[in-house]
Amino acid sequence: MRRVRYESRGGPLFLEEAPVPAPGPGELLVRTEAIGVTLPVVRKVTEATEPIPLGGEIAGEVMAAGEGVTRFGTGDRVTGLCFGHGYADFALLHEAMASPVPADARAVDAVALVRSGLVALGALEAARPEPGEAALVTAAASGVGHLAVQLARTRGAGRVVGAVSDPAKAGFVRDLGADHVVAYGDDGWGTLVDYALDAVGGALLTPALAALAPGGRLVAYSSGGGTVEAYDLLVGAKSVIGFQMARIARGNPELYERWRRELWRLFAAGEIEPAVHGEFALADAAKAHEVIETRANLGKVVLIP
């Protein structure tokens, strides 16, 4: 089989031939049909001191199941988060991280919807939205952000503000249902909001917090870090809530599964629609990474083996 690998920090990425892996206990061997490209994986290539397997979101057909697997069998279509070599024709997916894909759904839709949608929906739930409240979504054109904009609408947001890195993305975000779009460098982000879903962190925490009305809630789910002044929270009675999808997947599988079913329900009803920025061949993985690294994507970037 083919897989994408690199040998030193920063790449380059290259294709190599490798044996098809055998599933171990609790694992599924999946013939990949679509592979999601995410910023965390791109950052590992550019920042990790030692080369690591390129994992991430995959969707495809189960070809074999390891000892102890009970939920899936050969021929089932699944999607999930792969921690090994995911940029490959075949990948190993632990049963606990796998979710079924409806028969009438494309693998590309599954990769674009499920993992990113779970993060978006989980962050929204952490904000405890009330009908009619105003929402702010940073990185609103990203794989997670573009779904968060739509999900805020489904939860009855009275106004949705999308924040983007480039004003050229404004039209895309408005088409998703945002009432107003701001660029990160703008002076002030307009009328204050009740809650913010922040996927960026770092220096963007300051304007995101400033955009909150008194009593507002900011949900931080990025790996961008950053610090918050306690006094800024005190004077506005604001709060910052951290959200991590992995904690839900490991500690509350029933909730994880309920959210997954809700995403597919909303998709089937036409209430949310995952956007795919581009589909790249495995051999063009470096080009896909460049799109993510330069923040040029509108929606999800996907590799097609």
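**Entry 1: the model.** I noted that this is a predicted model, in which local features need pLDDT of at least 70, side-chain atom pairs count only at pLDDT 80 or more, and totals for chains, interfaces and linings use all residues. Residues are numbered from 1 along each chain as its sequence is written, and side-chain values use heavy atoms, with hydrogens and water left out.

**Entry 2: strand E3.** I looked up E3, which spans residues 27–37; strands (E, at least two residues) and helices (H or I, at least four) are DSSP runs numbered from the N terminus. Eight of the 11 residues in E3 are buried, where buried means under 20% relative accessible area, exposed over 50%, and partly exposed in between (1.4 Å probe, protein chains only).

**Entry 3: partners of E3.** Which strands pair with E3? Two strands pair if DSSP finds at least two bridges between them.
- With E4 (residues 56–65), E3 pairs antiparallel over seven bridges, and Leu29 has Ala64 as its bridge partner there.
- With E6 (residues 90–94), E3 forms five bridges in the antiparallel sense, and Arg31 stands opposite Phe90.
- With E15 (residues 300–304), E3 is joined by three bridges and runs antiparallel; Ile35 stands opposite Leu303.

**Entry 4: Gly84.** I then located Gly84 in the loop between strand E5 (77–82) and E6. Its relative accessible area is 27%, so Gly84 is partly exposed. Leaving aside neighbours within four places in sequence, Gly84 is in contact (heavy atoms within 4.5 Å) with Pro53, Leu54 and Gly55. Gly55 lies 29 residues from Gly84 along the chain, yet their C-alpha atoms are separated by 5.1 Å.
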